[in-house]
Amino acid sequence: MQTLAHWDGGPGPWILLFPLIWAAVTVGAVTVLRRTVRGGRGAPWHAARSTRPAGDSPVAVLGRRFASGEIDEDEYWRRLSVLEEQFGRTGRSGAA
């Protein structure tokens with residue numbers, strides 16, 4: 001009886017198919033694990049890693065610190081004046 005693995009007494013061309021299938025399964029498993037474990041694209045639970053959003057301005061951070069009570073009013077105005085000197089008037093008219 002002739003099987004897929006033996007063709008005229010030796011290994012047939014089908015023997016190459018099995019390592020290719022295992023390679024495809026391995027690559028697929030590694031791809032799925034990398035996307036879920038390391039937080040690749042499509043992993044929504046890794047979106048909030050930092051407490052500060054990327055587009056948050058220094059003036060907004062200063063305002064949040066003042067509102068939470070980390071700094072007092074004098075410190076707030078002193079730091080705000082330094083920020084306005086360095087970056088121009090931002091936040092009032094929207095133009096720098």
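With which side chain does the side chain of Asp56 make a polar contact? Select Asp56 and Arg64: their side chains make that contact at 2.3 Å. A polar contact is a pair of N or O atoms within 3.5 Å; within protein, one must be able to donate a hydrogen and the other to accept it, and residues adjacent in sequence count only if both atoms are side-chain atoms.

This is a predicted model, in which local features need pLDDT of at least 70 and side-chain atom pairs count only at pLDDT 80 or more, while totals for chains, interfaces and linings use all residues. Residues are numbered from 1 along each chain as its sequence is written, and side-chain values use heavy atoms, with hydrogens and water left out.

**Whole chain.** Colour by secondary structure to see three helices and two strands, in the order β-β-α-α-α along the sequence. Helices (H or I, at least four residues) and strands (E, at least two) are DSSP runs, numbered from the N terminus. Of the 96 residues, 11% count as buried; buried means under 20% relative accessible area, exposed over 50%, partly exposed in between (1.4 Å probe, protein chains only).

**Asp56.** Return to Asp56, in the loop between α1 (17-37) and α2 (58-68). Asp56 is buried, with a relative accessible area of 15%. Not counting residues up to four places away in sequence, Asp56 touches Val61 and Arg64, where contact means heavy atoms within 4.5 Å.

**α2 and α3.** Select α2 and helix α3 (residues 73-87): their axes come within 10 Å and cross at roughly 175°. Axes are lines fitted to C-alpha atoms, for helices over the stretch in contact, and angles run from 0 to 180 degrees between N-to-C directions. The two helices are therefore roughly antiparallel to each other (angles under 35 degrees count as roughly parallel, over 145 as roughly antiparallel, 65 to 115 as roughly perpendicular and the rest as oblique). Show the side chains at this contact: Pro58, Val59, Leu62, Gly63, Arg65 and Phe66 come from α2, and Glu73, Tyr76, Arg79, Leu80 and Leu83 from α3.

**Core.** Next select Leu62, Ile71, Tyr76, Leu80 and Leu83, the five residues of the largest nonpolar core. Such a core is a set of buried Ala, Val, Leu, Ile, Met, Phe, Trp, Tyr and Cys residues joined through side-chain atoms within 4.5 Å. α3 gives the most to this core, with three residues.

**Phe66.** Finish at Phe66 in helix α2, partly exposed at 33% relative accessibility.
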